[in-house]
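Subject: Predicted model, with notes

Please find the model below, with its sequence. My notes on it follow.

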Amino acid sequence: MKKKEEDQGQSVVAILFRDCDGTRSSPRSEWDDKRNSIVYGFEKAGLRTGVAMVPKTKSECWLLCAVQEDSYRDCGRFEELSGNDSSEKGAPKKVLQKTLGEEGTSELLRDLIHNGTIDPIRIDMPSFNVFKKDLEEAIRVAMKE
């Protein structure tokens, strides 16, 4: 990223995305450990505008907040879903597909964001809120550099 900044002559905000993928048997510190590892990597590389994007447990949980029947309410509960895709009771991908009535392809999700069905500003979940706060801070730092 440093090279990209030099080539472009401006600050760059880098986002490293990684699902937490935790299961009920995972250690409670798993999300913190994954996020902190990414943050540490950015710090070690000297990139002050690096952002860890670590949904708990998977990005589908963030999307479920918006598309559930009672949109944007009580969304923290989705962070308790299993990160195991083969879980019959609550794999986020399966719950999202059931909620949407079809597979949550990137094209469909893009369209839902563009038409306002999914409004990222309204998503209120612990792991999403950390990501939003970190992204806002990285943008502030980038604007000053």
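Thr57 lies in the loop between β2 and α3; helices (H or I, at least four residues) and strands (E, at least two) are DSSP runs, numbered from the N terminus.

Residues are numbered from 1 along each chain as its sequence is written, and side-chain values use heavy atoms, with hydrogens and water left out.

For burial I use relative accessible area (1.4 Å probe, protein chains only): under 20% is buried, over 50% is exposed, and in between is partly exposed. Tyr72 has 13% relative accessibility and therefore counts as buried, whereas Asp74, at 57%, counts as exposed.

Asn84 is also placed in the loop between α3 and α4. With a relative accessible area of 33%, Asn84 is partly exposed. Its C-alpha atom is 23 Å from that of Val130, a residue 46 positions away along the chain.

Helix α3

How many of the residues of α3 are buried? Nine of its nine are, so the helix is mostly covered. They are Ser59, Glu60, Cys61, Trp62, Leu63, Leu64, Cys65, Ala66 and Val67. The cover over them includes β1 (14-17), β2, α4, α5 and α6; contact here means heavy atoms within 4.5 Å.

Glu60, in helix α3, counts as buried at 12% relative accessibility. Beyond its neighbours within four places in sequence, Glu60 is in contact with Pro92, Lys93 and Leu96.

Nonpolar cores

A nonpolar core is a set of buried Ala, Val, Leu, Ile, Met, Phe, Trp, Tyr and Cys residues joined through side-chain atoms within 4.5 Å. The largest such core has 23 residues, of which Phe78, Ile118 and Met125 touch the most other members. At least two residues of this core come from each of β2 (50-53), α3, α5 and α6 (126-144). Helix α3 gives the most, with seven residues. Apart from this core there is another, of eight residues, including Cys20, Ile38, Phe42 and Val54.

Met125 is in contact with Cys61, Trp62, Cys65, Cys75, Gly76, Phe78 and Glu79, leaving aside its neighbours within four places in sequence.

Aromatic pairs

Rings of Phe, Tyr and Trp (its six-membered ring) pair if their centres lie within 6.5 Å; planes under 30 degrees apart are stacked, over 60 edge-to-face, and the rest tilted. There are three aromatic pairs in the structure. In one of them, Trp62 and Phe131, the ring centres are 5.9 Å apart and the planes lie at 25 degrees, so the pair is stacked. This pair links distant parts of the chain, with Trp62 in helix α3 and Phe131 in helix α6, 69 residues apart. Trp62 and Phe131 are both buried.

Phe131 also pairs with Phe128: their ring centres are 6.1 Å apart and their planes at 55 degrees, so this pair is tilted. Phe128 and Phe131 are three residues apart in helix α6, and are therefore separated by about one helical turn. Phe128, like Phe131, is buried. Together Trp62, Phe128 and Phe131 form one aromatic cluster.

The largest pocket

On a 1 Å grid over the protein atoms alone, a pocket is an open set of points where a 1.4 Å probe fits, with protein on both sides within 12 Å along at least five of seven lines; lining residues have an atom within 4 Å of a point. Grid points are joined across faces, edges and corners, and a volume is the space filled by probe spheres set on the points.

The largest pocket holds about 380 Å³ of space. Of the 19 residues that line it, Ser59, Glu60, Leu63, Leu96 and Leu109 lie nearest its centre. Helices α3 (59-67), α4 (92-100) and α5 (106-114) each supply at least two lining residues.

What is the lining made of, by class? It has ten nonpolar, five polar and four charged residues. In this count Ala, Val, Leu, Ile, Met, Phe, Trp, Tyr, Cys and Pro are nonpolar, Asp, Glu, Lys and Arg are charged, and the others, Gly among them, are polar.

Technical notes:
This is a predicted model: local features need pLDDT of at least 70, side-chain atom pairs count only at pLDDT 80 or more; totals for chains, interfaces and linings use all residues.
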